[in-house]
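Please examine the structure shown below.

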Amino acid sequence: VSEDPLTVKVEHLKEKPYDKDDDVLKATLFEVISTLRDVLKTSPLWRDHAQTYTQHIGDFTHPRVADFGAAISGANKSQCQQVLEELDVHKRLRLTLELVKKEMEITKIQESIAKAIEEKISGEQRRYLLNEQLKAIKKELGLETDDKTALSSKFRERLDPKKEKIPAHVLQVIDEELTKLQLLEASSSEFNVTRNYLDWLTALPWGEYSDENFDVIRAQKILDEDHYGLTDVKERILEFIAVGKLRGTSQGKIVCLSGPPGVGKTSIGRSIARALNRKFYRFSVGGLSDVAEIKGHRRTYIGAMPGKMVQCLKSVGTANPLVLIDEIDKLGKGYSGDPASAMLELLDPEQNANFLDHYLDVPIDLSKVLFVCTANVVEMIPNPLLDRMEVISIAGYITDEKMHIARDYLEKSTREACGIKPEQVEVTDPALLSLIENYCREAGVRNLQKQIEKIYRKIALKLVRLGAS
């Protein structure tokens, strides 16, 4: 009304006249009140508001019901303002009814969400409480070390350190089998099968590799320490190490050492493992006629076992050992399968990244394993197998090499084996040369070792007789 000081004249907005007895208006009002009652039931927060409202403002009239409904509906400001501005009471009630109904729907959704979460939590809580009660009951009865619980925890403890390295498909199989173990009776035969299966699955070194040595100089030194000569073989091993160093990782290969008996094929394999700093495992396949020895038996058979390769991985504890397959040219042929053909999957670098053992029934990665095979006669090895190998032939030793081997290796080890001190005996060069040229003319040095042992045994007897007299 005046500018200074600011004085204003206020008139309260009056609702348009309305007929309280109008049926449509009554029906709308009752609907609003009914919906409000439902909302107040679900949300106790608004009950206090209703009481406060009646205390301060008085009885609810048609417009006041509309205003109160809009206030507790949780609608946005513009929608509430719209209700306030509406002077037609019937329209005002209609607007409030819409807002309150909407609030009711939101409350229902909220309830269903709350119920779902509560069910989930209560289910987990219930399971946890029941498990705790079960443990307490077992403790009271002295059954705390329940077979199944102890076994499951043992297997899980084994898995925990290497869980990240285990492939997802293997983890899934292990989890399924652990669940199955809990459901089986300890006395059933199926229980033992599942337990053994889990024992093998969890004991394997999934993704665990030994640190390899890529130092060519050190490897050369180790190879020279163990063997005299054999330049071709040593060169090939050093090439393998050099490639591994440049790549940063070594792939598995198949090296086949061929040569007559006694030239040191098996001991070269042991030496290579030492030079590469890999674990060593040897198994001989001479006369092997059962495919299950390589591929394992099906779990359904009584006394089923995994194949030799899975046994190897369990015993060495790394996934990149050096495996020496001895006498591969003497592989037998069984009445129910061909072991030579079964060896293909084991040895082939293209296939063995997913080697499938019948017992385990999950693929195993053998691509990092270095296979060293030994054979006397290459022609006896089946062609598909030979095709995948790098053959290094060791022809034998000449007299000069035999002299060195006898002096540096055989004599020393034989002397220690017979308990004779170096100063007690001396084998002259002419004597050794005569022994090699007249008695030990074969390619290998095994017979030479036998003859040297014979000499030392006679000397040992002589020394003992002199001491006794």
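The questions below concern a predicted model.

Q: Which residue provides the backbone oxygen that the side chain of threonine 35 reaches?
A: Threonine 35 belongs to helix H1, which covers residues 23-42. Its relative accessible area is 3%, under the 20% limit, so threonine 35 is buried. The side chain of threonine 35 comes to 2.7 Å from the backbone oxygen of glutamate 31.

Q: Which residues are in contact with threonine 35, leaving aside its neighbours within four places in sequence?
A: Threonine 35 lies in helix H1, and a contact requires heavy atoms within 4.5 Å. With the neighbours within four places set aside, the residues in contact with threonine 35 are Leu97, Val100, Lys101 and Met104.

Q: What is the area of the nonpolar surface patch made by Ile109, Ile113, Ile117 and Ile121?
A: Isoleucine 113 is found in helix H5, residues 89-141. Its relative accessible area is 49%, so isoleucine 113 is partly exposed. Together, Ile109, Ile113, Ile117 and Ile121 make a nonpolar surface patch of about 380 Å².

Q: How is the pair of tyrosine 197 and tyrosine 359 classed, stacked or edge-to-face?
A: The count of aromatic pairs comes to 2. In the pair of tyrosine 197 and tyrosine 359, the ring centres are 6.0 Å apart and the planes stand at 75 degrees. Planes over 60 degrees apart count as edge-to-face, so the pair of tyrosine 197 and tyrosine 359 is edge-to-face.

Q: How many residues apart in sequence are the parts that tyrosine 197 and tyrosine 359 tie together?
A: Tyrosine 197 lies in helix H8 (residues 189-203), and tyrosine 359 lies in the loop between strand S4 (355-356) and strand S5 (363-364). Tyrosine 197 is buried at a relative accessible area of 2%, and tyrosine 359 is buried at 3%. The pair therefore ties together parts whose separation in sequence is 162 residues.

Q: What is the angle between the planes of tyrosine 281 and phenylalanine 283?
A: Tyrosine 281 has a relative accessible area of 16% and is buried; phenylalanine 283 is buried at 5%. These two residues form a tilted aromatic pair, 6.3 Å centre to centre, with an angle between the planes of 55 degrees.

Q: What is the omega value of the peptide bond that joins aspartate 4 and proline 5?
A: Proline 5 lies in the segment before H1. The peptide bond between aspartate 4 and proline 5 is cis, with omega at about -10 degrees.

Q: What is the phi value of asparagine 277?
A: Asparagine 277 is placed in the loop between helix H11 (265-276) and strand S2 (280-284). Its relative accessible area is 39%, which makes asparagine 277 partly exposed. Asparagine 277 is a residue other than glycine with a positive phi, near 65 degrees.

Q: What is the phi value of glutamate 327?
A: Glutamate 327 lies in the loop between strand S3 (322-326) and helix H14 (339-347). At 25% relative accessibility, glutamate 327 is partly exposed. Although glutamate 327 is not a glycine, its phi is positive, at about 55 degrees.

Q: What separates glutamate 105 and lysine 108 in helix H5?
A: The side chains of glutamate 105 and lysine 108 meet in a salt bridge of 3.9 Å, N to O. Glutamate 105 is partly exposed at 45% relative accessible area, and lysine 108 is partly exposed at 45%. Because the two residues are 3 residues apart in helix H5, their separation is about one helical turn.

Q: Which residues are linked in a network of salt bridges?
A: The whole structure holds 18 salt bridges. A network of salt bridges links Glu225, Asp226 and Arg274.

Conventions
Residues numbered from 1 in each chain as written. Predicted model: local features only at pLDDT ≥ 70, side-chain atom pairs only at ≥ 80, totals over all residues. Heavy atoms only, no water. Patch = residues over 30% accessible without salt bridge, like charges linked within 9 Å, V, L, I, M, F, W, Y side chains within 5 Å. Areas by Shrake-Rupley, 256 points an atom, 1.4 Å probe, with all protein chains shown as cover. Salt bridge = Lys/Arg side-chain N within 4 Å of Asp/Glu carboxyl O. Helix = DSSP H or I, 4+ residues; strand = E, 2+ residues; numbered from the N terminus. Buried < 20%, exposed > 50% of the residue type's maximum accessible area, 1.4 Å probe, protein only. Polar contact = N/O pair within 3.5 Å; in protein donor to acceptor, adjacent residues only side chain to side chain. Phe/Tyr/Trp six-rings, centres within 6.5 Å; stacked < 30°, edge-to-face > 60°.
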